[in-house]
Amino acid sequence: MRPLLKTDVSVFRRSLDWTAEMTTPTNIHSNIPTTAFAIADGVRSGTLKAVDVLEAHLAQIAAREGDIHAFNLVTADEARAAAARVDADVAAGRDPGVLAGVPIALKDNMCTRGIPTTCSSKILEGWRPPYDATVVQRLAAAGAVAIGKTNLDEFAMGSSTENSAFGVTYNPRDTSRVSGGSSGGSAAAVAAGFSPISIGSDTGGSIRQPAALCGVVGVKPTYGTVSRYGLVAYASSLDQMGPFSTDVRDSALVLEAISGHDPMDSTSIPQAPLSLLNVLSQGVEGLRVGRITDLPGGADPDVTARLEAAFDALKVAGATIVDVEMPSMKYALTAYYLIAPAEASSNLARYDGVRYGMRVNASDTNAMYSATRTAGFGEEVKRRIMLGTYALSAGYYDAYYGKALKVRRLISDDFARAYTKADVLLTPTSPIVAFPVGEKSDDPLAMYLCDIYTIPTNLAGHPAMSVPFGTGAHGLPVGVQILAPTLGEQVMFKVAASLERSMIATGGAK
Amino acid sequence: MTNTDSGIQYDMSKNEIKVAPNDGSYMLDGYELVCGLEVHVELATATKLFSASANRFGDEPNTHIDPVTLGLPGALPVLNRQAVELAMRIGLALNCSVQPSTFHRKNYFYPDMPKAYQISQYDQPINVDGWLELPGGKKIGVERAHLEEDTGKSTHVGGTGGRIHGSDYSLIDFNRAGVPLVEIVGRPDIASPEEARQYVTELRQILVAVGASDAKMEEGSMRCDANVSVRKPGSPLGIRCEIKNVNSVRSLGRAIEYEARRQIVLLEAGEKIRQETRHWDETDGRTHTLRSKEDADDYRYFLEPDLVPLNPDQAWIDAVRAALPMLPRERRLRLSQATGAPADGEAIMVVVERGQDDYVMAVGDAGADVARALVHVKEAFAEQGASPTVPATDLAQMIIMETGGKLTSTQAKTVLAEIVANGGGDAVAIAAAKGFEAMDNSALEAIVDQVIAEQAEAWSKYCGGEQKAMGALVGAIMKASQGKADGKAVTALLLAKKG
């Protein structure tokens, strides 16, 4: 074991700088709180007007969105109407809900009734869903105010939000760098103070990796915890929605509001919403935190230094660090890039120009399909459709898709063994800090490696989250990933809250 | 191309088919027919297989649609419990095992297939390994009966033959998209067009009996594809072709027979059969190549990730089994036992198919002769449907009069016609109003004696053994009695007097 004290000092000094920067309320009117929890509290108690909260955030968008491009669409008019309804409710003595007046940004792959939903793809041009995703309904029912649709890698395929048909989303920490992806717009929206909360989707790390790169909290809950109804599918057996927030408590608050069984999603777990806020103060005393001894290599030293600091902080807080092995984890990326494209090749087949979205006319139906899909999809989407189609083809199924499913089972088995020894596992979220725009655009494999630590949990269906834990190279944020077994959100949030407290205790004011 | 052989003459260019009478072992030109049927049946659920839109035929196009039906981005399927129950009823009625099952995606592009994949059961269907017993007793194996969703319906405007290729534009009605189907895959145990017709007819009755479907081939709620091959007895199975677009039981027999003959002609000419899907054309009475095996889509089946495995528990399966109604075969046996008529004879087949066997039994319960009831219902109740308007007691009263000698069979028919026309009636009153009085034996005998005296020549011929002469005598007696004489009584009297 490394000398604890010495590491701690350096670690916490760096994190202090970063925390101070992150929470400086320069971007928001001084009387508007920065967290969803405090906003909802103020609006519900009548000390704060939802319309004022909204205007402050719209002003922030007006000031910085030009440099960041977090949004495909800002729905200011609809948001103003929603905020006014929240205020009217409060005035009439009705409780608007736990997210009363909280501005919220939605990844542009979840359906919003009457509002364009593009998946950052040309192929959905002009399409307005006739229905709201379950998550969108639940947020509205809790009093949240949707302010817009955020940019993403087309159909959530990518790790940098550079694969968007509508342009790159830049990292608010350093606008020459990527925001991560695919939920880069949602991560950037929170990091830039456009909204205290945003919702993303995570198929192989698409919430956690951009959260890490933008220095915010991002949670992928257990598969089946949050309804996928209305989430435009990328890879159905892996997709899961979750929140971005500036602190751990806000993510807990949002998850309590959006989780719980939905009869419209057959893969939704029949259970009550998660109960998380009550565990945040419980501490990690006696918890076993697993270190994966055979973690696939490749993380930058500045990133691994932060991981070690996190282990140390949890140890200080009373947890025990235990070694676990994940021998199959090194195959996860390969398995993922067969399973996810296979499902995507089927999920994206419906974009055929027949019923909605783009159509490029041609001499007959097949030619129309081909012309429409050629013009409508970007390079990465086409690459994955072809990969997936190939992996499922007669004669190749067993060697590719079938084998990938076996690997998926082996990884689940690895996790099951690891969780007999540990309550949670800790890894880096991303092997690297935010990289310069364009650096990996022409190298798909290098891009795919961004998700090497996040993909295994999607394959197992487990929950995982990224918490900001100091900075690495160039003073850029580093995220630590907490992994937990199925429905282990409570223990995961205990650990996340503990890591957050350890930062605050050493000087980073929240 | 012409092919002739003992009793069979087949000219493809003229499309004339002559079949030699066969003895039940169906042979064409020395070839056996091997046929298996795949029957798609739309389930009679209130809503669709995976969404809450109504499952209704014949309404305005695109009125029963929703995000799931249209395959809109983000929409997810949720399995209809009633569809599962109806599928289990079908499986259990076909003697299948109900087993844990899963859903797969069958991927292919077609404009009326909104998701570009069909959700269907693949390697783990809900029902497996059953059979259907034809009225004559032969069992046709049922490999599986699985759940899947229907497609929308395309109408291709312009071009030729209603095909998408070459049409000016196409209209799509998604009301049918997502309607629950069960596909019943029969084993290739069918050996003649007649067996195929019997199989489909029997299957249809079972489906209606268990309430799973209205099973109307004309409306498309029951669709039948036939896999046809031929072989010399004792040879391995031949290459098969799948025949689609067969829209009636009658067409099914014709299509199978045409296809078998087409294959035989090719084989006799030393050619090979290509495995392909063929389209039955009702107007020219032929099958035409739709696509060959090489052109077949690679459906890239994989487990549907939006659904979870379907594991009906044993209690549910048992409850469905216990609630199954009496099936057509049992109904025929019951009627056969009650009447002495053969279970696969015309009268019982017809009456059970119409669903009037309960009615016949009720007439029997009301004290009438069930065998007479069977005959009358078969003859006079063709328009009455499964629930005749005539009260069973009214028909029973009429039959009791008839069998009691108070009505001749001719009078009985007249009275019955009136009862049927009025939806019921008092047979005694009707008979009285028509002046139908049973003629007593002495009055009849007087008429018989009178006719014998008048028709001496016919009488002597009759006594000499000329049966034809009897007709003349009976006719004259009936005329003299003004139709009141009972034919049976007359012949009995004539026979007695002949000595």
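**Close-up 1. Where the two domains of chain A meet.** In this predicted model, 35 residues of domain 1 of chain A are in contact with 29 residues of domain 2 of chain A; two residues count as in contact if their C-beta atoms, placed from the backbone, lie within 7 Å. On the domain 1 side, the elements that give two or more residues are α13 (398-421), α14 (444-448) and α15 (455-460) of chain A. Here helices (H or I, at least four residues) and strands (E, at least two) are DSSP runs, numbered from the N terminus. The biggest giver to this side is α13(A), with five residues. The side of domain 1 of chain A that touches domain 2 of chain A holds 20 nonpolar, nine polar and six charged residues. For these classes, Ala, Val, Leu, Ile, Met, Phe, Trp, Tyr, Cys and Pro are nonpolar, Asp, Glu, Lys and Arg are charged, and the others, Gly among them, are polar.

**Close-up 2. How chain A is divided.** Domain 1 of chain A comes in several pieces (4-22 + 34-273 + 280-328 + 408-505), while domain 2 covers 329-407. These bounds come from an automatic or database domain assignment. The C-alpha centres of the two domains lie 27 Å apart.

**Close-up 3. Domains 2 and 3 of chain B.** Chain B is assigned domain 1 (2-319), domain 2 (328-433) and domain 3 (441-498). The C-alpha centres of domain 2 and domain 3 of chain B lie 30 Å apart. Their contact takes four residues from domain 2 of chain B and five residues from domain 3 of chain B. On the domain 2 side, four residues are polar, with no nonpolar and no charged ones.

**Reading the views.** Residues are numbered from 1 along each chain as its sequence is written, and chains are lettered from A and ligands numbered from 1 in the order in which they are written. Since this is a predicted model, local features need pLDDT of at least 70 and side-chain atom pairs count only at pLDDT 80 or more, while totals for chains, interfaces and linings use all residues.
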